[in-house]
Amino acid sequence: MFPMKIVLASNNAGKLAELQAMLGNLGMELVRQADLGIGEAEEPFRTFVENALAKARHASRQSGLPALADDAGLCVDAFGGLPGVDTAFYATQFGYEKSDDSNVRALLEQMSDVDNRRAAMVSTLVALRSADDPEPLIAVGRVAGEITRERRGAGGFGFDPVMFIPEFGQTFAELPPEVKNAHSHRGRAAARMVELMRERWLA
């Protein structure tokens, strides 16, 4: 039987809650790497998949457990796809502290005179059975939308207050958590990951 415990290569409480809710029906328990005394991995790459793979291998090697890693970010058309893998640190390049609130403020400032508001939230999940697994499971979720000109809604985290989703007519922060989780970039990636785990690991 496949081990039920998987180390999550992230210390983000929001990610843990979202992913645990999505993967719980497989009977798997996610454990944050910090709770196992594992530090964060280096993320030197320029693509989500390479960084997620590096994080998963690091967490699996340090814990001896299967690992799941997520690398996600905001890709803004007008900025050539950036901030991308640098999303978490976006505000720091403009002199702000590293925080979700600062990121949103910096983005709204940088886009104040930009008419092309198109953007996508992208999530890449990578799962490994062991640190040297040659066949990682890779699932990508993507949601296209537009950056609003002001914050809307009080839910979610990250760029949720300014990520407007046309199909719902609301920002991610305005949507009920269960709706957001089902249709977010991470929700779509997790749904695909559940399919892959059932097919490859649990069959």
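Colleague: Which is F94: buried, exposed or partly exposed?
Modeller: This is a predicted model, where local features need pLDDT of at least 70, side-chain atom pairs count only at pLDDT 80 or more, and totals for chains, interfaces and linings use all residues. Residues are numbered from 1 along each chain as its sequence is written, and side-chain values use heavy atoms, without hydrogens and water. F94 has a relative accessible area of 31%, and the cut-offs are under 20% for buried, over 50% for exposed and in between for partly exposed (1.4 Å probe, protein chains only). That makes F94 partly exposed.

Colleague: Y90 and F94 form an aromatic pair, but of what kind?
Modeller: Searching the whole structure turns up one aromatic pair (ring centres within 6.5 Å; planes under 30 degrees apart are stacked, over 60 edge-to-face, the rest tilted; for Trp, the six-membered ring). The centres of Y90 and F94 are 5.2 Å apart, with 70° between the planes. Y90 is buried, at 4% relative accessibility. The pair counts as edge-to-face.

Colleague: Which lysine lies over the face of F89?
Modeller: A charge sits over a ring if NZ of Lys or CZ of Arg is within 6 Å of the ring centre and within 35 degrees of the ring normal. K180 does this at F172, 5.9 Å from the ring centre. Over the face of F89, at 5.0 Å from the ring centre, you'll find K98.

Colleague: K98 is among the residues nearest the centre of the largest pocket, but how many residues line that pocket?
Modeller: Lying nearest the centre are N12, K15, A72, A88 and K98. A pocket here is an open set of 1 Å grid points that fit a 1.4 Å probe, with protein on both sides within 12 Å along at least five of seven lines, and lining residues have an atom within 4 Å of a point. The lining residues come to 35.

Colleague: Which element gives the largest share of the lining of the largest pocket?
Modeller: Helices (at least four residues) and strands (at least two) are DSSP runs. α2 (48–63), β3, α3 (100–110) and α5 (185–201) each put at least two residues into the lining. The largest share is four residues, and they come from β3.

Colleague: How many bridges join β1 to β2?
Modeller: β1 (residues 5–8) and β2 (residues 29–32) run parallel, and I6 stands opposite L30 in β2. β1 also pairs in the parallel sense with β3 (residues 67–76), over two bridges, and there V7 has A67 as its bridge partner. Between β1 and β2, the number of bridges is four.

Colleague: Which strands stand at the edges of the sheet?
Modeller: The sheet is open, with seven strands in the order β2-β1-β3-β4-β5-β6-β7 and mixed pairing. The edge strands each have a single partner strand, so one side of each is left without a neighbour in the sheet. Those strands are β2 and β7.

Conventions. Two strands pair if DSSP finds at least two bridges between them.
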